[in-house]
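Dear colleague,

I am passing on a structure that I would like you to look over before we next speak. My notes on it follow below the entry.

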Amino acid sequence: KHINSIDTIKLDYKPGKKYSYSNVGFEILGEIIAQVSGTSFDQYMEEQLFIPLNMSETSYTLSDFRKEEMAFPHEGHPYQETEKFPYNRAISPSGNLFTNIHDMNKWMIFNLNQGSYKGFEPLSKERFNQLISPRVNTEEDDFIGLSWFMNNQLVYHDGLDLGYSSLMMLYTKQGIGITVLINHQDADCNELLNLIAKSIRF
């Protein structure tokens, strides 16, 4: 229903002419996964990724969590809790992921190990490398592969939603990764990540 509602939207540029990050692109990809697999995107991710990676505290469904488990979203300075909680099942493929630092670090290790985690290896090395191979110059001092951004030896992706900020950085040469999750949309994840990186002194 959500995907059908965007069939009248016109592209800003012809395909291949200019880079522009697109949340809708990920939502279309999620629908393709659902159609090909014959199950919902949420269920596919649960069965094919979260369970094999032992990400037992990760889900696209808000009702899977108790209120006391949630870090509620904040905005503004001085900060205050947002009036609206950012939750819309229709946009799960582009956001909407509920998780914690422990589970995200399992995903981080999986990627640092080139798609391998405790015997779980769903992609060949060749296929995995397609994810982190530079494909398009973003014209912002970096490149993007298949969802991952790249700058020299750094591989990363950040996220922003109402009341939340996140950043995962993979230092592939050193085999080190850092994940930052903050329940404030104006938080500077880069600043915190850099402080952590300096403290490691690698």
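What radius of gyration would a compact globule with 202 residues have, and what does the chain have? A globule of that kind would come near 17 Å, and the chain has 18 Å, which agrees. Please keep in mind that this is a predicted model.

As to overall dimensions, the C-alpha atoms fill a box of roughly 50 × 45 × 40 Å along the principal axes, and 31% of the 202 residues are buried. The chain exposes about 13200 Å², of which carbon and sulfur atoms supply 51%.

The secondary structure consists of five helices and eight strands, and these follow one another along the sequence in the pattern α-α-β-β-α-α-β-β-β-β-β-β-α. Of the contacts between residues at least 6 apart in sequence, 44% join residues that are at least 24 apart.

In soluble globular proteins, nonpolar side chains tend to be buried together. Here the largest nonpolar core has 11 residues, among them Ile-144, Phe-149, Leu-167, Val-180 and Leu-193, and the elements that give two or more residues to this core are strand S7 (164–171), strand S8 (176–182) and helix H5 (189–200). Apart from this core lies another, of 10 residues, including Met-45, Met-55, Tyr-60 and Tyr-117.

Lastly, the chain has 17 positive and 26 negative charges, whose mean positions are 6 Å apart.

With best wishes

Terms used. Residues numbered from 1 in each chain as written. Predicted model: local features only at pLDDT ≥ 70, side-chain atom pairs only at ≥ 80, totals over all residues. Heavy atoms only, no water. Core = buried A, V, L, I, M, F, W, Y, C linked by side-chain atoms within 4.5 Å. Buried < 20%, exposed > 50% of the residue type's maximum accessible area, 1.4 Å probe, protein only. Helix = DSSP H or I, 4+ residues; strand = E, 2+ residues; numbered from the N terminus. Rg over C-alpha atoms; globule rule 2.2 N^0.38 Å. Contact = heavy atoms within 4.5 Å. Areas by Shrake-Rupley, 256 points an atom, 1.4 Å probe, with all protein chains shown as cover. Lys, Arg positive; Asp, Glu negative; His and termini not counted. Charge placed at Lys NZ, Arg CZ, Asp CG, Glu CD.
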